[in-house]
Amino acid sequence: MPEHIDDKVRLVNAGTPHNEAPKGAFAKTVLMPGDPLRSKFIAENYLQDAKLVNNIRGVQGYTGTYKGILVSVMASGMGMPSMGIYSHELFHYYDVDNIIRVGTAGAISPKLKLRDLVFGMGSCTNSNYAQQYGLSGILAPVADFTLLETAVAVARKMGIEPVIGTLFSSDTFYNHAGDTMDWGKMGVLATEMESAALYCNAAEAGKRALAICTISDSLVTGEELPPIDRQNTFTQMIEVALETALSMWEIDRETGI
Ligand code: HPA
């Protein structure tokens with residue numbers, strides 16, 4: 001069972017309004033599922049000596065080791081405002097270098113099947129998130145290439161062929177306009193609700209981010225993964241993300257970053 005960080009440590013190092021972890025409590029790579037219970041599941045099943053470093057609002061964050069290297073996992077919550085807060089704080093206050101979102105997405109492309117693993121090379125959005133940067137055009141939120149190519153290599157080594165392309169990060173799950181499928185005309189693969197904010201924050205911070213999503217439902221066919229299958233496919237995605245964290249640690253050690 002992961003244990004809570006020492007209260008004395010927390011008192012000495014006040015965190016942010018949303019994160020009570022002391023500085024230095026997070027590893028260089030953080031896996032971010034949307035769901036706090038998934039964060040707990042990853043910590044309990046994949047990390048050694050995992051310690052709960054944040055539990056404000058139940059947004060559980062843990063740091064432990066995976067094959068001897070430090071790795072953290074913390075929930076992002078749902079939607080871009082929530083992902084925006086937590087990833088900003090991880091990059092800026094906790095000196096995190098790599099964030100790998102591990103989530104689910106709904107298929108827009110008919111080429112996708114339930115359980116497929118999609119890597120978001122870029123993220124289209126209907127959100128105003130990037131307006132805060134005051135640019136006189138449209139920012140393209142993209143994944144970090146090193147993280148992406150590392151994750152692709154890791155997946156292939158594990159016998160998994162990921163589908164790589166663009167995601168649509170939506171501000172709404174229940175879309176009154178009913179126009180989500182239009183993004184398919186532009187080759188967009190699947191819809192979720194967090195990757196665009198994550199990629200914007202990584203760009204602003206000069207850090208790395210990648211969204212890996214399991215297809216949990218299809219807007220094309222109306223199919224949905226049964227809960228037990230969600231668990232199994234989630235396991236595969238976590239293994240890809242953890243092995244990517246390990247490879248990134250090796251790459252950064254060799255390049256001295
Ligand atoms: N829409 C938005 N987010 C999602 C979906 C969806 O259909 N499926 C999984 N995450």
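Which side chains meet in a salt bridge at 3.6 Å, N to O? The side chains of Lys207 and Asp95 do. The notes below start with the basis of the model and return to this pair.

1. Basis. This is a predicted model, in which local features need pLDDT of at least 70 and side-chain atom pairs count only at pLDDT 80 or more, while totals for chains, interfaces and linings use all residues. Residues are numbered from 1 along each chain as its sequence is written, and side-chain values use heavy atoms, with hydrogens and water left out.

2. Strand E2. Helices (H or I, at least four residues) and strands (E, at least two) are DSSP runs, numbered from the N terminus. In strand E2 (residues 29–32), Thr29 and Leu31 point one way and Val30 and Met32 the other way. In a regular strand the side chains alternate between the two faces of the sheet. Thr29, Val30, Leu31 and Met32 are all buried, where buried means under 20% relative accessible area, exposed over 50%, and partly exposed in between (1.4 Å probe, protein chains only).

3. Neighbours of E2. Two strands pair if DSSP finds at least two bridges between them. E2 runs parallel to strand E6 (residues 98–107), with four bridges joining them; Met32 has Arg101 as its bridge partner in E6. E2 also pairs in the parallel sense with strand E5 (residues 69–74), over two bridges. There, Leu31 stands opposite Val73.

4. The whole structure holds 12 salt bridges, each a side-chain nitrogen of Lys or Arg within 4 Å of a carboxyl oxygen of Asp or Glu. One of them links the side chains of Lys67 and Glu243 (2.6 Å, N to O). Lys67 sits in the loop between strand E4 (61–66) and E5, and Glu243 in helix H6 (residues 227–255), so this pair ties together parts that are 176 residues apart in sequence. Lys67 counts as exposed, at 54% relative accessibility.

5. The opening pair. Lys207 and Asp95 meet at 3.6 Å, N to O. Lys207 is in the loop between helix H5 (195–205) and strand E10 (208–218), and Asp95 in the loop between helix H3 (80–92) and E6, so the pair ties together parts that are 112 residues apart in sequence. Asp95 is partly exposed, with a relative accessible area of 47%.

6. Arg156 and Glu161 form a salt bridge through their side chains (2.9 Å, N to O). Arg156 is partly exposed at 47% relative accessible area, whereas Glu161 counts as exposed at 53% relative accessibility. Separately, salt bridges that share partners join Lys28, Asp95, Asp97 and Lys207 into one network.
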